[in-house]
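Please keep the sequence and the model in view while reading.

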Amino acid sequence: MIAIKEQIKKVYHLALNILLPPRCSGCGNPTIGIHIFCGKCWSKVHFIQKPCCHHCGMPMPYDIGSPTCVTCLTVAPPFEAGRSATRYDGMVRDIILKLKHCDATYLPPSLAGWMAQAGQDFWDKTDYIIPVPLHRWRLMRRRYNQATLLARALSQRLNLPLLTNILIRSKLTESQGRKTRQERRKNVQAAFAIQDPKGLLTGKHIALIDDVWTTGATLEACTTALKKGGVEKVYVLTLSRVVKE
């Protein structure tokens with residue numbers, strides 16, 4: 001019976017691919033499979049690779065002999081480690097803007113593979129995946145949280161449990177755009193809270209997911225809230241990161 005169901009499923013997908021050929025998630029040109037990018041678009045993605053800071057994942061122009069960047073040496077962030085899959089530029093910036101503002105909710109399954117690879121050191125010690133939340137009023141306007149969509153795609157890909165209603169944004173903050181690092185920190189101070197009556201987070205290790213890492217102020221504020229809520233360790237993972245040369 002199972003074999004018959006699998007055969008029916010294969011025929012269904014084959015027919016679907018003939019009627020609606022899979023297309024590149026970046027440019028829309030035909031591809032050989034679903035949820036992938038064509039070679040031309042792939043070549044425009046600037047993945048973050050080593051050497052990078054072992055703590056926050058900031059790429060370094062060359063190996064300076066120290067695995068920690070100057071920022072982390074000066075003030076270590078509250079999370080255990082952070083990584084980002086790509087630089088926030090070019091095609092990736094366009095993709096993220098489409099995801100955030102143009103209802104391109106079909107994109108996360110195509111992007112989850114990049115994030116899974118970037119966070120490969122986290123998964124064997126992660127208990128739950130948690131997205132950076134939106135405030136409820138902003139969520140009502142946008143109708144979805146792009147961080148939640150990315151986190152859900154990762155959860156399905158890695159078979160790790162997803163928690164979406166425990167870390168909440170309790171304070172409606174101003175937009176972080178055009179704010180300095182210090183202004184961003186002040187803006188999100190005490191903006192997040194934990195609702196965990198069952199104590200699911202106590203002693204757990206969390207992978208915190210977001211779309212863009214700019215200054216890290218929001219990620220640090222979320223981490224602080226999670227640890228106050230009983231989390232033992234937090235690993236931060238974003239799709240992209242703003243990198244100043």
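## Aromatic rings

Ring pairs join F37, W42, F47 and W114 into a cluster. Rings of Phe, Tyr and Trp (its six-membered ring) are paired if their centres lie within 6.5 Å; planes under 30 degrees apart count as stacked, over 60 as edge-to-face and the rest as tilted. The structure, a predicted model, holds seven aromatic pairs. The W42 and F47 pair is tilted, because the ring centres are 5.2 Å apart and the planes stand at 45°. W42 is partly exposed at 45% relative accessibility, and F47 is partly exposed at 27%. Here buried means under 20% relative accessible area, exposed over 50% and partly exposed in between, with a 1.4 Å probe and protein chains only.

The rings of F122 and W123 have centres 6.4 Å apart and planes at 75°, so this pair is edge-to-face. F122 is buried, with 3% relative accessibility, and W123 is buried as well, with a relative accessible area of 12%.

## Basis of the model

Residues are numbered from 1 along each chain as its sequence is written, and side-chain values use heavy atoms, with hydrogens and water left out. Because this is a predicted model, local features need pLDDT of at least 70 and side-chain atom pairs count only at pLDDT 80 or more, while totals for chains, interfaces and linings use all residues.

## The chain as a whole

The protein chain has nine helices and six strands. Helices (H or I, at least four residues) and strands (E, at least two) are DSSP runs, numbered from the N terminus. Of its 245 residues, 45% count as buried.

Contact means heavy atoms within 4.5 Å. Among contacts in the protein chain with a separation of 6 or more, 71% are between residues 24 or more positions apart.

Helix α5 spans residues 108-118, and its buried residues are P108, S110, L111, A112, W114, M115 and A116. The cover over these buried residues includes the helices α2 (39-42), α4 (90-101) and α7 (146-158), together with the strands β1 (81-87), β5 (205-213) and β6 (233-241).

How do α5 and α7 pack? Their axes are 8 Å apart, at an angle of about 70°. Axes are lines fitted to C-alpha atoms, for helices over the stretch in contact, and angles run from 0 to 180 degrees between N-to-C directions. The two helices α5 and α7 are therefore roughly perpendicular to each other; angles under 35 degrees count as roughly parallel, over 145 as roughly antiparallel, 65 to 115 as roughly perpendicular and the rest as oblique. On the α5 side P108, P109, L111, A112, G113, M115 and A116 take part, and they meet L149, L150, A153, L154, R157 and L158 in α7.

Also in helix α7 is S155, which is buried at 12% relative accessibility. Not counting residues up to four places away in sequence, S155 touches I129, L160, P161 and L162.

## W213 in strand β5

W213 belongs to strand β5 and is buried, with a relative accessible area of 3%. R241 lies over the face of W213, at 3.9 Å from the ring centre. A charge sits over a ring if NZ of Lys or CZ of Arg is within 6 Å of the ring centre and within 35 degrees of the ring normal.

Apart from neighbours within four places in sequence, the contacts of W213 include C56, F79, R83, L219, V236 and R241. The C-alpha atoms of W213 and Y88 are 8.5 Å apart, although 125 residues separate the two along the chain.

## Loop residues

A104 lies in the loop between α4 and α5 and is buried at 3% relative accessibility. Leaving out residues up to four places away in sequence, A104 touches K98, L99 and Y144. Its C-alpha atom is 9.7 Å from that of S25, 79 residues away along the chain.

The peptide bond from K50 to P51 is cis, with omega near 5°, and P51 is in the loop between α2 and α3 (70-74). Which phi does R143 have? R143, not a glycine, has a positive phi of about 80°. R143 is located in the loop between α6 (136-142) and α7 and is exposed, at 58%. N159, a residue other than glycine, has a positive phi near 60°; N159 lies in the loop between α7 and β3 (167-169) and counts as exposed at 70% relative accessibility.
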